[in-house]
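Student: I would like to learn how to read aromatic pairs and domain interfaces in a model. Could you take me through them one at a time?

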Amino acid sequence: MRILYVASEALPFIASGGLADVAGSLPKALQGRQHICRVVMPLYGDIKPEMRAKMRFLCDFTVELAWRHQYCGVFEATIDGVVYYFIDNEYYFRRSGIYGFFDDGERFAFFSKAVVDMIRYIDFRPDILHCNDWQTALVPCYLNCYYRGDDLYRDIKTVFTIHNIQYQGQYGREMVEDVLGLPRGVAEYNDDCNYMAGAIIQSGMVTTVSPTYAREILDPWFAHGLDPLLRQYSWKLRGILNGIDTVTYNPETDQSIYKTYSVSTYQDKAVNKQRLQKDMGLSQMGDAMLVGIVTRLASHKGLDLIKFIFPKLIEEGMEVVILGSGEYVYESFFNEMAATYPDKVAFRCGFIPDLARKIYAGSDVFLMPSKSEPCGLAQMVSLRYGTIPVVRKTGGLADSIVDMGDSGGTGYTFQSYNAHDMFGAIKRAQSHYYDKPAWERAIQNAMKTDCSWAKSAKEYTSMYEELMGW
Ligand code: GLC
């Protein structure tokens with residue numbers, strides 16, 4: 001099968017969140033299963049010159065977006081056997097930053113239309129267009145409204161994957177005709193223009209990134225208003241758990257960590273802890289359990305629970321290292337905690353992949369109490385580095401982490417969105433931590449857990465096959 005994977009970000013070119021990890025690793029895994037999977041993304045000004053140097057110009061054409069006629073160039077690069085296409089338009093994409101502009105709705109409408117047009121000009125005829133999140137949600141809408149009459153497009157199937165239902169591409173209705181150039185009613189929902197709703201209706205298949213989240217988004221608590229629509233289309237909704245790239249996330253070869261280690265040399269994980277504590281200015285006295293947190297500082301990550309009981313963690317003799325940036329309330333809270341407990345709490349504000357890896361390797365437990373979590377990748381990365389996850393049982397966290405109380409457990413879980421329940425789970429981890437032989441077994445067990453794409457790539461293949469049969 002030939003799949004064109006459409007995403008607004010992909011590693012190794014640019015990343016702001018988990019979508020880039022998926023777009024940078026699932027296509028590779030699918031190619032391993034004899035498919036041809038290529039990726040298309042915008043050519044952002046922020047893509048580093050050394051990555052740009054790998055690209056070559058392919059072609060250019062004009063994209064019609066309502067009354068606009070916009071230039072579109074296409075570049076191409078091959079990384080690890082995967083072909084990436086880049087949509088070039090400097091007015092839309094040569095800016096510093098990738099999202100958060102007043103005209104994001106127009107920028108990604110342009111991108112989506114350009115992707116559909118591009119198929120005419122390149123030598124790749126996809127069987128499936130696999131779109132991701134609201135930024136690419138108009139692809140199936142344009143395809144169905146304007147291109148189906150052309151033989152080239154008649155049989156192309158579409159898949160739309162929801163990585164996070166909170167961001168839907170929601171605007172005033174006037175956007176639909178004036179900017180998107182779509183007929184009224186398409187990409188509209190509840191009197192608003194809504195890109196994601198458009199994709200749910202227009203795509204052949206809708207998937208999300210874990211089976212539990214696929215069930216959760218049928219419920220108003222999780223769905224940010226889209227649950228009635230998803231219930232209506234639940235017949236084409238599937239949940240497939242993400243994997244992680246186990247080649248780049250590998251403590252045996254990771255050049256970002258202080259000392260590499262494997263399941264058999266897991267003792268060297270301790271060296272990573274000591275060096276991390278030293279670099280972060282944390283005390284090495286006693287044998288404090290080091291809690292790592294790497295996250296966007298957004299409320300759905302469960303940070304209010306952490307805020308609520310934070311001093312108790314320190315009173316119980318733990319140390320905490322936090323890396324992340326985002327909402328001001330959390331940045332200022334963690335700054336305050338680091339100032340209050342200078343040798344027990346360290347906070348670095350930012351998106352620093354190199355430090356993130358040091359935290360995955362050097363922490364004892366990894367805390368991820370998300371209010372909702374479509375899949376979550378950090379808990380799987382921490383397993384791979386032998387850092388025991390403490391997670392709330394929701395979405396992909398529920399599907400990837402089994403509580404130690406159950407057989408074959410790999411982490412600690414709690415159910416209710418309640419700070420004391422979370423604290424209870426952390427305390428259970430801490431008593432386990434001081435039972436050294438048992439803790440060492442837990443580390444090894446975590447490291448042996450298979451979080452690779454192997455199983456998921458197989459499930460994607462069956463889903464594509466099912467869709468091709470429709
Ligand atoms: C989004 C979700 C996260 C998921 C990622 C990749 O960032 O919030 O849970 O892991 O997409 O699918």
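Tutor: We will go through the aromatic rings and then the contact between the domains. This is a predicted model, in which local features need pLDDT of at least 70 and side-chain atom pairs count only at pLDDT 80 or more, while totals for chains, interfaces and linings use all residues. Residues are numbered from 1 along each chain as its sequence is written, and side-chain values use heavy atoms, with hydrogens and water left out.

Student: How many aromatic pairs does a search of the whole structure find?

Tutor: Rings of Phe, Tyr and Trp (its six-membered ring) pair if their centres lie within 6.5 Å, and planes under 30 degrees apart count as stacked, over 60 as edge-to-face and the rest as tilted. By that rule the whole structure holds 28 aromatic pairs. One of them is stacked, namely Phe-61 with Tyr-121, at 4.3 Å centre to centre and 5° between the planes.

Student: Which parts does the pair of Phe-61 and Tyr-121 tie together?

Tutor: Phe-61 lies in strand β3 (residues 56-65) and Tyr-121 in the loop between α4 (104-118) and β6 (128-132), so the pair links parts that are 60 residues apart in sequence. Here helices (H or I, at least four residues) and strands (E, at least two) are DSSP runs, numbered from the N terminus.

Student: How is the size of an interface often given?

Tutor: It is often given as the accessible area lost when the parts come together. The chain is divided into domain 1 (2-243 + 454-468) and domain 2 (266-448), with bounds from an automatic or database domain assignment. The area buried between domain 1 and domain 2 is about 1,300 Å², with 63% given by carbon and sulfur atoms; buried area is the accessible area (1.4 Å probe) that two parts lose on being put together, summed over both. In domain 1, Thr-212, Trp-221 and Leu-241 lose the most area to domain 2, together 28% of what that side buries.
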